[in-house]
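Keep it open while you read.

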Amino acid sequence: MLGLLNDTLSPVDQCGCGDTGFLTSRTLPIALNHGAGKVINVPVYSCGSSMCDEYRIPSAVASRLDELAEEMEAKEVLSIVFSWKTSGEDDTIGYQDSLIQGFIWKFHRRSYEDAQVLFVINGDALVLQSKLDPSEYYILKRLEESKDGIFFSFSKFIEEDEELTYEKYIELEPSFQKELGTVKMEEVEDMLIEEFGEVCD
Ligand SMILES: [Zn+2]
């Protein structure tokens with residue numbers, strides 16, 4: 001039953017503040033009979049705004065947290081990594097995809113000093129357009145998973161059409177495309193700021 005639920009954990013839902021929330025993972029405090037404990041890597045929805053410290057726990061996760069609390073009390077531990085199963089085997093795979101998609105959706109419509117996110121493709125890629133030269137586009141695309149983590153390729157392409165849409169993009173064969181590098185998921189935020197300047201509203 002839980003297996004079924006965790007597969008359907010949506011990458012995008014609602015943050016505790018009411019805005020759109022993106023699936024991410026957090027360490028949450030948990031009250032236990034034997035003290036204040038914590039659960040690491042709990043999937044939650046957060047809008048990702050620096051102004052907001054709220055989040056929302058998906059209901060399947062909330063009921064799993066209750067079970068984990070009992071487990072922690074039985075074992076008298078104060079810290080545990082969130083998992084769907086009691087056996088302790090690594091089962092992050094079930095919602096890993098949703099976590100990555102939630103991460104990418106968070107960039108939807110984001111604007112940097114020098115570029116703007118035009119659209120997100122299936123939670124796997126995002127296309128940006130330069131504000132300095134509107135014929136310059138950039139694409140950040142999720143790569144096959146490797147043992148070392150989640151990586152994205154970052155490329156630049158030139159397209160005469162300055163009003164690119166998703167529909168046009170999928171038909172597109174850019175005349176010029178250059179891969180600029182590969183970036184680890186944890187470094188994507190910093191890399192985009194380095195490349196395009198601060199985030200603006
Ligand atoms: Zn929020």
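Buried means under 20% relative accessible area, exposed over 50%, and partly exposed in between, with a 1.4 Å probe and protein chains only. By that rule, 39% of the 201 residues in the chain are buried.

## About the model

This is a predicted model: local features need pLDDT of at least 70 and side-chain atom pairs count only at pLDDT 80 or more, while totals for chains, interfaces and linings use all residues. Residues are numbered from 1 along each chain as its sequence is written, and side-chain values use heavy atoms, with hydrogens and water left out.

## Overall build

You will find five helices and 11 strands in the chain; these are DSSP runs, with helices H or I of at least four residues and strands E of at least two, numbered from the N terminus. Along the principal axes, the C-alpha atoms fill a box of roughly 65 × 35 × 25 Å.

## The cores

A nonpolar core is a set of buried Ala, Val, Leu, Ile, Met, Phe, Trp, Tyr and Cys residues joined through side-chain atoms within 4.5 Å. The largest one holds 21 residues, and Leu128, Leu140, Phe152 and Leu192 have the most contacts inside it. Elements giving two or more residues to this core include helix 3 (93–105), strand 8 (136–142) and helix 5 (188–196). Helix 5 supplies the largest share, four residues. Domain 1 (2–105) and domain 2 (111–200) each contribute at least three residues to this core, the bounds coming from an automatic or database domain assignment.

Another core, of 20 residues, lies apart from it, with Leu28, Val44, Trp84 and Tyr95 among its members.
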